[in-house]
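Visitor: I am new to protein structures and would like to learn how to read one. Could you show me the model and take me through it step by step?

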Amino acid sequence: MINIFQPFGFALLSLLLLGLPSELNAETQEPSKVIECSYVYWDDMLDDEFYFRIGDVYYPMKFLRNKRSKVVSVARMEEFEMFRKVDKPLEGEDLYEFVAETIVPHDARRILFLVIAPNQEDEDYRVFALDDSSLVFGRRTFRFVNLTQQMISVEFAGETQQVDVDGVVVMESNVDEKGGFVPCIMRDPEGETIYGTRLFAQPNGREDVFIRPSPIKGRKAPSIKFISQFIAIAPVENKQ
């Protein structure tokens, strides 16, 4: 079980916009000087515009509805800070105010930043940095991210794993080349079932499963968000 959530703050050096690199690139080398980042926002609609900072310059985080943003390549950093514009700032005041921060995994070359708006349990915005490398989160896998305040047991594809609070577990779907539905059951610490369904797994895809408390007070069943990503297979060259 992997627990990679940590709070964050930051300084970047340069910003380049690049296309999504192949997931087949080698990821066993030493940490690169550049990391590829993308963003996901929990809610369907943004309630504000957010920015991240490089030196004294603020860059917009361009979210897409219910899916990953385009990839942005930036100089490797230790911490990442998120801001929003100040509404009607007074003369001499900062134009941006701090919102949230997280530490970036030091050995990750690809990062997915998950941004969560406040709810009845979280009074402030939260941002998490997830190692998005294909060696950690590859094809045919599901990544379960526990954003609740209790441990959750996940039964998936014949395996059971415990996902701690703010914890992450990656589980294999074991589907063949045709893909298929895989039973998934989640239980609370008392063993009571709080969620059950069949998830569709694709051989060339991977799926994030973000688990958050229900917005309905007293309801045990969590709120779930699924974010899918197709991973292209590199073409095979013909040998003469």
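Guide: Let us begin with the secondary structure. The protein has 17 strands and zero helices; helices (H or I, at least four residues) and strands (E, at least two) are DSSP runs, numbered from the N terminus. This is a predicted model, in which local features need pLDDT of at least 70 and side-chain atom pairs count only at pLDDT 80 or more, while totals for chains, interfaces and linings use all residues. Residues are numbered from 1 along each chain as its sequence is written, and side-chain values use heavy atoms, with hydrogens and water left out.

Visitor: How many residues does the protein have, and what percentage of them count as buried?

Guide: Buried means under 20% relative accessible area, exposed means over 50%, and partly exposed is in between (1.4 Å probe, protein chains only). Of the 240 residues here, 47% count as buried.

Visitor: What share of the contacts comes from residues 24 or more positions apart?

Guide: A contact means heavy atoms within 4.5 Å. Among contacts with a separation of 6 or more, 66% are between residues 24 or more positions apart.

Visitor: Which residues of the largest nonpolar core touch the most other members?

Guide: A nonpolar core is a set of buried Ala, Val, Leu, Ile, Met, Phe, Trp, Tyr and Cys residues joined through side-chain atoms within 4.5 Å. The largest one has 25 residues, and Met61, Phe113 and Tyr125 touch the most other members. Several strands supply at least two residues each, among them E3 (51-54), E6 (79-85) and E9 (126-131). Strand E2 gives the most, with four residues. There is also a second, separate core of 19 residues, which includes Phe142, Val154, Val163 and Cys184.

Visitor: How many salt bridges does the structure hold?

Guide: Side chains of opposite charge can pair when their charged atoms come close. A salt bridge is a side-chain nitrogen of Lys or Arg within 4 Å of a carboxyl oxygen of Asp or Glu. The structure holds 13 of them. One joins the side chains of Arg110 and Glu36, at 3.6 Å from N to O. This pair links distant parts of the chain, with Arg110 in strand E8 and Glu36 in strand E2, 74 residues apart. Both Arg110 and Glu36 are buried.

Visitor: Where do Glu97 and Arg84 lie?

Guide: These two form a salt bridge, and the closest N and O atoms of Glu97 and Arg84 are 2.8 Å apart. Glu97 lies in strand E7 and Arg84 in strand E6, so the pair ties together parts that are 13 residues apart in sequence. Glu97 counts as partly exposed because its relative accessibility is 33%. Arg84, at 22%, also counts as partly exposed.

Visitor: Which residues are linked in a network of salt bridges?

Guide: The network links Arg68, Asp132, Arg143, Arg206 and Asp208. Within it, Arg206 forms a salt bridge with Asp132, with the closest N and O atoms 3.1 Å apart. Arg206 is in strand E16 (residues 205-212), and Asp132 is in the loop between E9 and strand E10 (141-146), 74 residues apart. Arg206 counts as buried because its relative accessibility is 3%, and Asp132 is buried at 5%.

Visitor: Is Arg68 buried or exposed?

Guide: Arg68 counts as buried, because its relative accessibility is 10%. Arg68 sits in the loop between strand E4 (57-60) and strand E5 (72-75). A polar contact is a pair of N or O atoms within 3.5 Å; within protein, one must be able to donate a hydrogen and the other to accept it, and residues adjacent in sequence count only if both atoms are side-chain atoms. The side chain of Arg68 makes such a contact with that of Asp132 at 2.4 Å, and another with that of Asp208 at 3.4 Å. Arg68 and Val40 are 28 residues apart in sequence, yet their C-alpha atoms are 5.2 Å apart in space.

Visitor: How many disulfides are there?

Guide: A disulfide is a covalent bond between the sulfur atoms of two cysteines. The rule asks for a pair of cysteine sulfur atoms within 2.5 Å, and the count comes to zero. Cys37 is buried, with a relative accessible area of 2%, and Cys184 is buried at 0%.
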